[in-house]
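Student: Please take a close look at the aromatic rings in this model. I would like one connected answer.

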Amino acid sequence: MAFPPKWYQFLVGVFASLGSLLYGYDLGVIAEAIASPNFKHLFNPTTPERAVVSVFTGGGFFGAMFAGPAGDRLGRKKTILIGALIFCLGGALQTGAKDLSYLYAGRALAGVGVGFLVMIVPLYQAELCHPSIRGRVTTLQQFMLGIGALIASWASYGAFVGFPDSSSKQWRVSLGIQIVPAGILALLILLFPESPRWLIDHGRPEDGLQTLANLHANGNKNDPWVLAEYAQIREALSFEHEHEAKSYKELFTNKSSFRRLFIAVALQASVQMTGVSAIQYYSVTIFEKIGISGSNALKYQAYNSIIALFGQFLCMLFIDRVGRRWPLILGNLGNMITFIIATILLAKFPPGANNNSQAAWGFIAMTWLYNFSFSATCGPLSWIIPAEIFDTRTRAKGVSIATMVSFAFNTMIGQTTSTAMSTIGYRWYYLFCVCNFTNALFFWAFLPETAKRPLEEMNYLFTNAPLFVPGMKIREFETHDLERRVEEAERKQSIEEVNTLGQSKEYA
């Protein structure tokens, strides 16, 4: 029994997003692993945790850079395969580490693998999906990242309490688990469909048509929607081959392409400037200063992961109904409010300086509310929007640059937060209060609504829509080209059926 087309697209998207699960797991597992007593006994590490994190995110920067040309030349599936294999190697080096050099090499390679995967997976998902569920499927990137973080929290906790301090299993088991989903992804990805847009763009139109039919009509190549989308993709690609970016340079010289690149880069940078990395890296330290440490700190972080998953799940359910623009604006404003309250609490009741448990719980509540606001809006949208706004010829290049910016800002915030909090304390949070507000203002002013538009119509939108978009109607600058093509294909099909029926009667 064949799956309904949209369910099939969703399940393919779920499998591909194993790459995002690896990102979330690796980020979540390393802090607990290097903090375990056995790890400290074996390696006596003196390098701060932020250096271990930076090696990983630095590797992600270069992985995203290499994934752009790989995605264009080798295809989306093979790029995912390369990323998964590199990650397996990095995970193996971390698990079998004999000294810190093994750990750093493994972290760097795992970062490169994750850079490949988080860059190419949402792009692959967007190119496979019907416009009506594209947001839901690409939201899986952030949702599976949250799943990975949650698994890491409990796997680390289980290994921490389940193995004695004399056993290296206390940290090797949790580090080794990440190889399993990466291996499954590498083994099976080639069995899944290639992007039909990549196939058509690389001289394989029949394969592209058949893939569209498999994705949208259970293999029926004569389905009107399949024929309409196929014709639209071929026409758009023909135009792109003549006018759009053939190199990275043209992303900066073509006005429409640069506008999209600027929005994608600004979005990925803005997400890090919401303060998400500062919360991830420093909230446990503040928990400890207000008297919550050890297993309780890990438990509250696990609760945080569950709250994030709930927010991401809600985003997955509603993002294609409510659009992209206003959730992003309101999400940043929500982040700002939680940071303002958290800043006031830290200023009035400094951690470690008093025994005000109500203030401590107020801070914990604000981190949880922030995590919900971020996970329901900004986090998922940072992957959805870049994957859908570029043309086929520019998509891998543009998403690659945007993802590199994400890793660069992640590294910067991770490196500066610890020093800033130890020197200027809660005043560091002023930065995130301001940035969340300016993020909301920027996207209110310059981000047009992109939900439910076919990918081939994004060029028309970003070429013709005004730069200042608040006065623009939500569905303005729609060509309705795909709908017209579907109607035309249905009309032709009906005429052919009538003619065939008439010929049959005449013959009889």
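Tutor: Start with the rule for a ring pair. Rings of Phe, Tyr and Trp pair if their centres lie within 6.5 Å. Keep in mind that this is a predicted model. By that rule, ring pairs link Phe 252, Phe 258, Phe 262, Phe 442, Phe 443 and Phe 446 into a cluster. The count for the structure comes to 23 aromatic pairs.

Now take one pair. A pair of aromatic rings is described by the distance of the centres and the angle of the planes. For Tyr 303 and Trp 368, the centres are 6.3 Å apart. Their planes stand at 75°. Planes over 60 degrees apart count as edge-to-face, so Tyr 303 and Trp 368 form an edge-to-face pair.

Where do Tyr 303 and Trp 368 lie? Tyr 303 belongs to helix H17, residues 295-322. Trp 368 belongs to helix H19, residues 357-376. The pair therefore ties together parts that are 65 residues apart in sequence.

Is Tyr 303 buried, exposed or partly exposed? Its relative accessibility is 35%. Buried means under 20% and exposed means over 50%, so Tyr 303 counts as partly exposed.

Go back to the cluster for a moment. Phe 442, Phe 443 and Phe 446 are among its members. Helix H22 covers 428-446. Glu 457 is buried, yet has no salt bridge. A polar contact of 3.4 Å joins its side chain to that of Gln 232.

Key: Residues are numbered from 1 along each chain as its sequence is written. This is a predicted model: local features need pLDDT of at least 70, side-chain atom pairs count only at pLDDT 80 or more; totals for chains, interfaces and linings use all residues. Side-chain values use heavy atoms; hydrogens and water are left out. Helices (H or I, at least four residues) and strands (E, at least two) are DSSP runs, numbered from the N terminus. Buried means under 20% relative accessible area, exposed over 50%, partly exposed in between (1.4 Å probe, protein chains only). Lys and Arg count as positive and Asp and Glu as negative; His and the chain ends are not counted. A salt bridge is a side-chain nitrogen of Lys or Arg within 4 Å of a carboxyl oxygen of Asp or Glu. A polar contact is a pair of N or O atoms within 3.5 Å; within protein, one must be able to donate a hydrogen and the other to accept it, and residues adjacent in sequence count only if both atoms are side-chain atoms. Rings of Phe, Tyr and Trp (its six-membered ring) pair if their centres lie within 6.5 Å; planes under 30 degrees apart count as stacked, over 60 as edge-to-face and the rest as tilted.
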